[in-house]
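Subject: Model for you, with notes on one helix

Hi,

Here is the structure I promised. Please load it before reading on.

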Amino acid sequence: MKNSEYPKLSELTSMRAIARPVYFKKMENFVSTNGKTCVALHVYDGYSTIRVNIFDVTVEVLHNRGLSEKNVYYCKFSKNEKGFVNLDGDPSPLKDPDIRLSDFGQRIEQDADELFSNLLKLISMVRDTKYGEDTLSDLAVRILMGIKEDFVRSSAAISMHHEQEGGLVLHSLNVACAAYYSLKVYKNLDAELLVCGAALHDIGKIKEYKTDELGYATYSPLGQGLGHMIYGIEIVDEYAGQENYNKERVELLKHIIASHHGELEYGAVAKPCIPEAVLIHSLDDADAKLNMFEKIYKDLKPGENTEKTLFGLDTKAYKPSYLK
Ligand SMILES: [Fe+2]
Ligand SMILES: [Fe+2]
């Protein structure tokens, strides 16, 4: 039976239990409020991810039972009245020959190479020779061409937004396009600095994350130690080198990368101190949140809100009743 023929995790309700193959994305130990050791298991059915809490065990115990991350198991799930999902019985090894590991891969729907060339086109449209013949736009193209292979494959996150293979190029193009169209409203902004900053704001993610063959990202060994803002600045330095780019503009490009998370408590290296950096921070935040809604709306019924307050949105999401 094909993966698409099984009931989806999104169809799980307190009235309807579900049995199907799922991919074990992540298992984490945590301690519940009443002091029990538990495991948060994140499972994916090829459409959506849900979290199941397993009580009185640890990840190590589950490993000893032969269960491990990045494998597919056949599981039975039920949901209680409070909306918590339970795993009923032990997961069993997958026997269905029609199910493949690739059914659980995460990839963007669009052609990543096409998105990449659109990003380069956008950057060339704002090329500005006012500050010299070696422009910021030339530098941005040079960087992107140099890191192309990793950039088009990379996920933009481990979870939260654009967490698929190709997610980074999609997110970067979205932010750069939104920045470009904002120029129609905010006419005094530096178009080249804004669009190049938007296109490059997350390039450091190619070093912060490793994206596996199924499109899942994990932190690279020093990924969290430096973070994608520092890595992004390093990449700019590497390509700007001794070339004849306007030094102040290269510094401002690095400032945009350093400050795009807006607040120090959200990981920003600095707070935005030029208008272009302020706008990129807002557009970046908006694109990430809108992507979260896109995913949530796939599983949410019209006229309903999510059961829980969502991490990243800090609220329950509502889907208008007139939407499908
Ligand atoms: Fe970022
Ligand atoms: Fe971003």
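This is a predicted model: local features need pLDDT of at least 70, side-chain atom pairs count only at pLDDT 80 or more; totals for chains, interfaces and linings use all residues.

Residues are numbered from 1 along each chain as its sequence is written, and chains are lettered from A and ligands numbered from 1 in the order written.

Start with H4, residues 167-182. Helices are DSSP runs of H or I, at least four residues, and strands are runs of E, at least two, numbered from the N terminus. Twelve of the 16 residues of H4 are buried, so the helix is largely enclosed by the rest of the structure. (Buried: 20 or more other C-beta atoms within 10 Å of the residue's own; exposed: 12 or fewer; partly exposed in between; C-beta placed from the backbone.) Among the buried ones are Gly167, His171 and Ser182.

Now the packing. The buried residues of H4 pack against helices H2, H3, H5, H6 and H9. H4 and H9 pack at about 130°, axes 9 Å apart. (Axes are lines fitted to C-alpha atoms, for helices over the stretch in contact; angles run from 0 to 180 degrees between N-to-C directions.) H4 contributes His171, Asn174, Val175, Ala178, Ala179 and Ser182 to the contact. H9 contributes Leu279, Ile280, Leu283, Asp284 and Asp287. (Contact: C-beta atoms, placed from the backbone, within 7 Å.)

Last, Val31 in strand S1. Val31 has 9 C-beta neighbours inside 10 Å, so Val31 counts as exposed. Val31 and Ala178 are 42 Å apart, C-alpha to C-alpha.

Best wishes

Key:
The expected span of a helix is 1.5 Å times one less than its number of residues. Two residues are in contact if their C-beta atoms, placed from the backbone, lie within 7 Å.
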